[in-house]
Amino acid sequence: MPGVTQVQTTLNGEVINFLCEPRQSLLEVLRDVLGMTGTKEGCNDGNCGACTIILDGIIVDSCLVLGVEAEGKDIMTIEGMASPEGLHPLQQSFLENAALQCGICTPGFLLASKSLLDQEPEADEGRIRHWLAGNLCRCTGYDKIVRAVMQVSKAK
Amino acid sequence: MTSNQVLSEVEYDVVGKRPVRPDGVDKVTGRARYGDDTNLTGTLRARVLRSPHAHARIKSIDTSKAEAFPGVRAVITAKDLPFASLSKEELGGEYTSLKFASDHMMASDKTLFKGHPVAAVAAVNAHVAESAMALIEVDYEVLKPVVDVREAMQDGAPLLHEDLRTNDMGETGDKPSNIATHMSYSTGDLEKGFAEADLVMEKEYTTSTVHQGYIEPHNTTAFWNSDGQLDLWTSTQGSFQVRGTVATILRLPVSQVKVTPMEIGGGFGGKITAYLDAICAVLSKKTGAPVKALMTRTEVFEASGPAPASWMRVKIGVKNNGKMTAVETEMAMDAGAYPGSPVMQAIVCAFACYDVENGKVDGYDVVDNKPKTAAYRAPGSPQAAFAVESLIDEICGELKMDPIEFRLLNAAKEGTRRIEGLVARRIGLIECLEAARDHDHYKSKLDGSGGRGVACGYWPNRGFQSSVVMTVNYDGVVSLLMGSVDIGGTRASIAQQTAETLGIAYEDVKPTVVDTDSIGYTFITGGSRTCFATGLAAINAAEDVKSQMISRAAKIWDTNEDDIEYVAGVVQHKSDEELKLTFKDLARQLATTGGSVSGRASVDPSGEGNGHAVHIADVTVDPDTGKTDVTRFTAVQDAGKAVHPSYVEGQMQGGAVQGIGWALNEEYFFDDSGKMMNPTFLDYRMPTSLDLPMIDTVIVEVANPGHPYGVRGVGEAAIVPPMAAIGNAVSAATGNRMRSLPITPGKILEAGWENGKS
């Protein structure tokens, strides 16, 4: 049995410590060690984006990051997107635009969209479609997702 | 530019509005609990050992090394299933169906597709289970596989099942065959019909195996308690289907199995079959602990249920004025390892958009060494429409007729008889064609390099059993319990129909999807049935509530129930205007007038309204690379009544885009050994946001007379037209007719080289 390593990281604004095996992905750590099941597994090989998180300000597929690599990093998952005051504008926009059907890809899309608008508040449809191409949705045909992000974007 | 239109004739207070879905906040905050989010104390993880061979005989399995591996708690093979200890004599007529069901879940003698389960391991975690799995020794006698539907039909093809004889319209064949069933229907006089035609065209078409591509892999958690009760928490379109399958395979009474349907991450027909549930159940029984399994994406591709590949021949005769005189088709679909392809649906849907006097259809359900196919959105109809709608486009070209005018001339309408006899009720195909013809998209000019295609689609829609229970709380809020799993708006659309019927606010209905012990039998969420049938159950249960609320008012007012009426959420005396209580005010008095009020209904309706869709696609094709880009797409569909138009549009857009993927990119590549060469999302390429334009929609509302609000059902018809619409557009753009899906850049370039039109 492989040994375990202690990792210290910041998760949704709080410094936490966890133990994990070197072979465990950050996705597995989030879901199975930390019980943060909002991050979803769709393919476990970096092709669907359901496990998207924001790691030190950059979106990554958490299935492609090892748990031990989170040492000293800052992680944001879907559980950290809303505040006690209410939903993030993107979350509200997804609800109002019916931008989800089954909802399994939604956490990944929300974090990817947030990452885009944090960096490019005026992203237009073309830019949004390009940015979100790493996240697969099989229910919506993307139309309502793209519209939901456009509604929050400051692009005119 | 137009985007989303709703052509409504009747308006309601809640039905037809676009409220936020009740499960929405949980799904945008990560709190919604999907199958794999189930974590019971002490849960073990299971992994399934799968056959590396598409066709092999299992000579022996040695699990001893895996069982001795540290952290492993149990290993099972098919020997641990009830089927292994039941004789053919004991089972009698049940033998074949149980063998197929049990063997599909875990092979006892032969493996029939790559990925076929042969053993399973439960261990402290998935890594340990995976390591132990590698220690299981299976001795196979590798057999020659067959993975092409036409090859599988030939005499001398490798046989999958030694006992399988063709059922040819009720007659059983005299020798083993891979053709499980031949079905045939005809109407009118085919020879006369073709003789009357001025133009007869006949072509062949093929489509490849494709996958539903839901993002959430199959998963389940099982706990078989020491009192004999088996609990399952799983991702499924039908909790009662899972209960039935597990009870059949494990030889249990259904009431000993309880299935809790967790949130489901997409299904499209692929999450009806129970793959992991009985495996985890047996592992749980052996270990005394809960056991959870989650498929990898490769397992989903190789060992769940894709949609069949097909070979189709279509022949159509028309008069010079465009009137169809005769239609004929022969279609073969591969069911995969066990019989049951949707070819029956394919042949009856094939010409259902048209009113033709003379016709004949033949279908062949064929087994081959691929995973057992499952339903995929309007099963059978998309393949059939690709063939029929492509040939019609060619005919329109020959006749120099507008493709929508041709279809209007021949369109099915109320009273049109489908080839096997089903007669259409009030349907909206003509209204859809007119809406497409009048749409800004169809009237717009194409720029020079592109092509435009149109196609129709049909799905009968379904009824089947649904149950609903609703309770009036003392604050006037109604708790609504249903057995229908919510894949994309079910809670919202059933709550809307409940609120509309009770005359209360949408926000005052709280829907919950419950387990199989908490509600009456409810068929799957699928077949475009849920909004219709579960909606009807909710309407009937709400009527039950209304009559009980009237009884309570009669008690309070000390009057006769017949003197009281229920109008728009108010219970009132018919003649005494002073006597009037709102639903909420009356709810507050329930506690003192006999306690809570519950309404309930179980239905099995037959009034489903058939669904039709018309799609318009514009494409450009790069002459150097053969790459097709969809530049504009409009989906028109008859919803009967769109209960929540946003989710109806979502079904139309999602179906259209799955169809675009089916048309242009998606296919299973099999090598000669029957191995799928592209079992990842990298190589099985589904459309991304970057590949698509906005999908414009027009919801046509031709009320279904079989439902109080006119609801039809919308999920399936949306995926039927896109492949032909895209193929017809590619043909218009390149001058080359594409008769094989997917229409890849390579096929487009090759067609150009052959025809000198690149």
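Me: What are axes, and between which limits do their angles run?
Reply: Axes are lines fitted to C-alpha atoms, for helices over the stretch in contact. Their angles are taken between N-to-C directions and run from 0 to 180 degrees.

Me: What kind of model is this, and what is the mean pLDDT of chain B?
Reply: This is a predicted model, where local features need pLDDT of at least 70, side-chain atom pairs count only at pLDDT 80 or more, and totals for chains, interfaces and linings use all residues. Residues are numbered from 1 along each chain as its sequence is written, with chains lettered from A and ligands numbered from 1 in the order in which they are written. The pLDDT is the predictor's confidence in each residue, from 0 to 100. In chain B, 99% of residues reach 70 or more, and the mean is 97.

Me: How are H13(B) and H14(B) oriented to each other?
Reply: Helices are DSSP runs (H or I, at least four residues), numbered from the N terminus. The axes of H13 (residues 403-410) and H14 (residues 429-437) of chain B come within 10 Å and cross at roughly 160 degrees. Angles over 145 degrees count as roughly antiparallel. The two helices H13(B) and H14(B) are therefore roughly antiparallel.

Me: Which helix gives the largest share of the side of chain B that touches chain A?
Reply: Residues are in contact if their C-beta atoms, placed from the backbone, lie within 7 Å. The contact takes 44 residues from chain B and 44 residues from chain A. On chain B, helices H1 (24-29) and H19 (645-664) each supply at least two residues. The largest share, 8 residues, comes from H19(B).

Key:
Parallel < 35°, antiparallel > 145°, perpendicular 65-115°, else oblique. Contact = placed C-beta atoms within 7 Å.
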